[in-house]
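Me: I have just opened this one and would like to go through it with you. Could you take my questions as they come?

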Amino acid sequence: MSPILKMADSDEEESNSSPETPENDYNYSGPRVVVITKSETGFGFNVRGQVSEGGQLRSINGELYAPLQHVSAVLEGGAAQKAGVRKGDRILEVNNANVEGATHKQVVDFIKSGGDTLRLTVISVTRKEAERLEPSDDSSSYSYVDYSEKRSLPISIPDYQHVSDKNGEKYVVFNIYMAGRHLCSRRYREFSNLHVALKREFPDFNFPKQPGKWPFSLSEQQLDTRRRGLEQYLEKVCAVRVIAESDVMQEFLTEVDGSENCTAVSDVDMKILLPDKNILTVTIRRNSTAQQVYNIVSNKVGLSDETAKYFALFEIIDYNFERKLQSSEFPHNLYIQNYSTSTSTCIMLRKWLFSLKKEMEISDEQAANFFFWQTVDDVNRGHVKPVDKLYQLKPLQDPARKYEYLKLVREMNGYGEIAFPHCACDSRKEGHVIAIFSIQHFQLQACKEDGTLESQVIEFSWEDIVEHDRDEEGMTFTFKYQRANKKPRWVKLHTPFFMYMHACCERVLQELEWEKSETEI
């Protein structure tokens with residue numbers, strides 16, 4: 001499924017129905033540069049494209065390009081439209097960085113990292129050309145659509161609510177959830193518009209009927225009957241994979257900030273996975289930053305202001321890796337972009353602390369509980385290696401004995417470390433490396449390109465690392481080290497997690513300064 005980047009902060013219906021410039025007035029001769037200045041409604045466009053890197057070269061207006069992300073919607077009157085961005089434009093560069101063959105996430109990261117001014121190099125294409133280039137289409141836009149692939153998505157409409165628009169007009173919205181996550185709130189007429197759009201997109205599919213329109217106010221019982229009917233409609237159409245993954249359905253299920261319903265229902269519930277595997281539900285604003293959401297979470301779980309410095313929100317990437325959110329990121333965007341997963345959330349609370357000395361000074365009981373449960377999880381996942389002491393740990397996996405458990409595990413290899421997924425390194429002609437951060441040192445573990453470990457491990461003391469940086473254009477984390485009587489040397493790691501690596505480096509150096517200042521005192 002191609003995820004959607006929601007950059008526009010306005011009514012989705014209006015952005016999809018905005019008047020379009022006649023195709024004859026477009027310039028299809030080649031790439032052009034547009035500069036977008038973010039307004040109060042954001043950049044005002046949506047981006048869609050492939051989730052994997054690379055791909056087959058394709059001809060666009062007579063030139064060959066690797067797969068390009070494209071503009072799937074433009075907000076009428078928004079910043080992007082004023083700058084000349086058009087629906088269907090293919091994105092060749094973001095802030096002077098070439099993004100041919102880039103993944104959706106990489107392009108999103110480039111857009112987010114540019115601040116309030118965004119420079120895009122785009123290629124405009126005709127509607128016919130756009131249909132040909134879509135990843136799910138073959139060479140003909142009228143090709144047969146296979147409706148046979150079915151799957152069960154945990155989509156539901158558990159409730160509805162009465163809201164008022166800015167003019168005081170009251171209406172009802174139905175709250176749509178996927179796997180327990182609130183995706184959006186839609187009026188009945190929006191369901192009707194969806195039905196019409198889907199029938200136009202898939203004319204040969206036998207769609208189920210929607211609940212009928214009634215020309216009078218509905219009682220609560222009648223509204224609940226409509227809710228159940230709309231829920232059944234979504235369950236049936238979303239069970240067909242090609243329909244569930246279509247642009248029409250994805251845009252319906254993703255609410256744009258600033259839209260009529262989003263303004264009326266601006267507060268949303270979000271689930272956070274705690275270290276003890278309990279789920280915490282918090283009410284946030286859709287546009288709350290990671291720092292704002294974290295402040296709500298830390299307050300709700302009872303962390304003191306001092307202890308709250310040593311935890312943070314993380315995105316669950318896969319079973320063995322979590323990425324710390326940048327303070328300016330929007331967790332709710334991540335939360336809903338992962339709506340097709342079966343887990344209830346992709347956001348979790350974890351320890352953000354490397355210093356064992358500082359950790360042992362923390363006397364907060366809630367923090368100790370979280371340290372304990374995270375450590376149990378790290379042992380179970382193999383991040384901490386108990387070797388021959390596993391039998392000693394088993395009877396200690398009880399919250400009542402957490403201090404005994406932590407005392408034993410803190411002496412084991414892997415405790416207090418963050419190991420990244422393997423990535424390419426300019427110092428290795430063949431194979432990859434695994435970057436490992438700890439308060440003691442920074443390590444590069446050699447491995448094959450498939451992640452299979454090799455014997456070589458290069459270790460750098462933090463005193464040897466004299467500079468570090470991240471290159472957003474090249475998506476790399478770089479550092480310069482200098483050993484005794486040796487010339488300094490730069491090392492470059494090519495990874496989509498370059499920002500997180502940089503954050504880890506900054507954090508370790510900050511904690512070393514803490515320890516140094518405490519020693520001097």
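Me: What do the side chains of Glu190 and Arg186 meet in?

Reply: The side chains of Glu190 and Arg186 meet in a salt bridge, with N to O at 3.1 Å; the term stands for a side-chain nitrogen of Lys or Arg within 4 Å of a carboxyl oxygen of Asp or Glu. Please keep in mind that this is a predicted model, in which local features need pLDDT of at least 70 and side-chain atom pairs count only at pLDDT 80 or more, while totals for chains, interfaces and linings use all residues. Residues are numbered from 1 along each chain as its sequence is written, and side-chain values use heavy atoms, with hydrogens and water left out.

Me: Is Glu190 buried or exposed?

Reply: Glu190 counts as buried at 7% relative accessibility, and Arg186 counts as buried at 3%. Here buried means under 20% relative accessible area, exposed means over 50%, and partly exposed is in between, with a 1.4 Å probe and protein chains only.

Me: And Arg228, what does its side chain meet?

Reply: Arg228 forms a salt bridge with Asp224, at 2.7 Å from N to O. Both residues lie in helix α6 (residues 220-238), 4 residues apart, which is about one turn of the helix; helices are DSSP runs of H or I with at least four residues, strands are runs of E with at least two, and both are numbered from the N terminus. Arg228 is partly exposed at 37% relative accessibility, and Asp224 is partly exposed as well, at 25%.

Me: How many salt bridges does the structure hold?

Reply: The structure holds 24 salt bridges. Lys277, Glu322, Arg350, Asp377, Asp378 and Arg381 are linked in a network of them.

Me: Changing topic, how many disulfides does a search of the whole structure find?

Reply: The search finds 0 disulfides, a disulfide being a pair of cysteine sulfur atoms within 2.5 Å. For Cys425, the closest cysteine sulfur belongs to Cys423 and is 7.1 Å away, too far for a bond. Cys425 is buried, with a relative accessible area of 7%.

Me: What about the sheet, which order do its strands have?

Reply: It is an open sheet of 4 strands in the order β19-β25-β24-β23, with antiparallel pairing, where two strands pair if DSSP finds at least two bridges between them. The edge strands, each pairing on one side only, are β19 (424-425) and β23 (465-471).

Me: Which residue in β25 is the bridge partner of Ala424?

Reply: The bridge partner of Ala424 in β25 is His494, and β19 and β25 (residues 489-494) pair over 2 bridges in the antiparallel sense.
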